[in-house]
Amino acid sequence: MSRLSFDLLHTDGPARRGVITTPHGTIQTPVFMPVGTRASVKSLTTDQLARLGPEIILNNTYHLMLRPGVDLVEKLGGVHRFMGWSGSVLTDSGGFQLYSLASIRKIREEGVEFRSHIDGAPYFMSPESAIEIQTRMGVDIAMAFDECPAYGISHAEVEKSMLLTHRWAKRSLATRTTSALFGIVQGGVHLDLRKRSVEEIASMDFDGIAIGGVSVGEPKEEMFEVVNHTAPLLPADRPRYLMGVGTPEDLVNGVAAGIDMFDCVMPTRNARNGTIFTSEGKLSIKNARFAADQGPLDPNCGCVTCTTVSRAYLRHLYVNDEIAASVYNTIHNISFYLDLMRSIRQAIESGSFNTFREGFLSRLSNKEKS
RNA sequence: GGAGAGUUGGCUGAGCGGUCAAAAGCAGCAGACUGUAAAUCUGCCGGGCCACGCCCUACGGAGGUUCGAAUCCUCCACUCUCCA
């Protein structure tokens, strides 16, 4: 009973089509994982989420550690049972919060002193405790505890941070037991550091490898310079996970670089903020021009939202702060992302990924112009 | 019939001689969001321009005082409260 297995089914150039197997089922890759930070994909019930068909979602160690706390989650049977979710769960280790909550933490060699963003209470997280927490919560895939450096700091500082991430990676791995564990490559936008980081992380026995430290404010060209440079260096026999990415275009481009897994808050957060992803580009449902638009959000979408309600109704819900606006929009955006990944997988299987990609990107750029 | 309070930009509502095209909130319009401190945040919001400066029209209406008025005075209109 291995923690995790990965089978590479097809390749189409650098693009890969595979299957990950966890104790909670199989995951067809390339995959997009909806983010459910606090054991909830915001604005959806677990049932609503399940109907959309994702095979794996994210939770967050830091947030669940603060509330409701690991002891309780463990006592209640782990995150799956806690939220009534039967698919796979990957947890971020809390490493990203070293970046997003930089003002309320102090990093040391042993680990990090956090202040809870909720009540200011002090917490300490180490690589060991981060992995232990994730394991006790019963997640399928845990992430190594890493430091995600901010964009714009010096090469020397990024290197120092990267080396800490490497040392923490070893300690994370030494703590692995039942949950699968992914290592995280860092190195900022510096290609030499990325290469060194891959060499270090890939030499360890992780169940998968992630590229972290992107989409932290760097220009998109730099992000893809890093991804295009780093992904090909990763071992082919393990899943490759690009953390925190991204837009629909980013997913397509990421797959083209050889990435297997993605996660991003964008479809869920943007849904709550009124931005809708469609086959014709994104739109803001707040716009006055949709006030009397009887059409669906996306004419090419078969989701519950698109098959039952109009843009006019969705705008009305949004403008009136109705909770249903978030629900409908989230259902659609997640559906759109999952459909996109399905199309990508089919394209790889049929050896037409490049054609698919070119068509997809040119369709979007045409929309930008018009 | 008597006494008092009030009338400000789409709405609520500050301002009470210059620094006021007029606070703030709401509404409206648009934008951002990438391992979620986010159902959040940002910008615009009288009109016009040869726009980081100028012109026009504006604080119930009409006059007046003043170098200068949304702010002071007079009259008019309307609204509200209290006493008969």
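Here are some notes on the model shown above.

1. Keep in mind that this is a predicted model: local features need pLDDT of at least 70, side-chain atom pairs count only at pLDDT 80 or more, and totals for chains, interfaces and linings use all residues. Residues are numbered from 1 along each chain as its sequence is written, while chains are lettered from A and ligands numbered from 1 in the order in which they are written.

2. Start with RNA strand B, which has 49 residues around it; a residue is near the strand if its C-beta atom, placed from the backbone, lies within 6 Å of it. Cys148, Ser215, Gly244, Gly246 and Val265 come nearest. By class, this surface has 17 nonpolar, 21 polar and 11 charged residues. Nonpolar covers Ala, Val, Leu, Ile, Met, Phe, Trp, Tyr, Cys and Pro, charged covers Asp, Glu, Lys and Arg, and polar covers the others, Gly among them.

3. Now look at α6 (residues 127–136) and α7 (residues 155–175), two helices that pack at an angle of about 40 degrees with their axes 8 Å apart. Helices here are DSSP runs of H or I with at least four residues, and strands are runs of E with at least two, numbered from the N terminus. Axes are lines fitted to C-alpha atoms, for helices over the stretch in contact, and angles run from 0 to 180 degrees between N-to-C directions.

4. Finally, find Ile141 in strand β10 (residues 141–143). Is Ile141 buried or exposed? Ile141 counts as buried because it has 27 C-beta neighbours inside 10 Å (buried takes 20 or more, exposed 12 or fewer, partly exposed in between, with C-beta atoms placed from the backbone). The C-alpha atoms of Ile141 and Ala202 are separated by 17 Å, and these residues are 61 apart along the chain.
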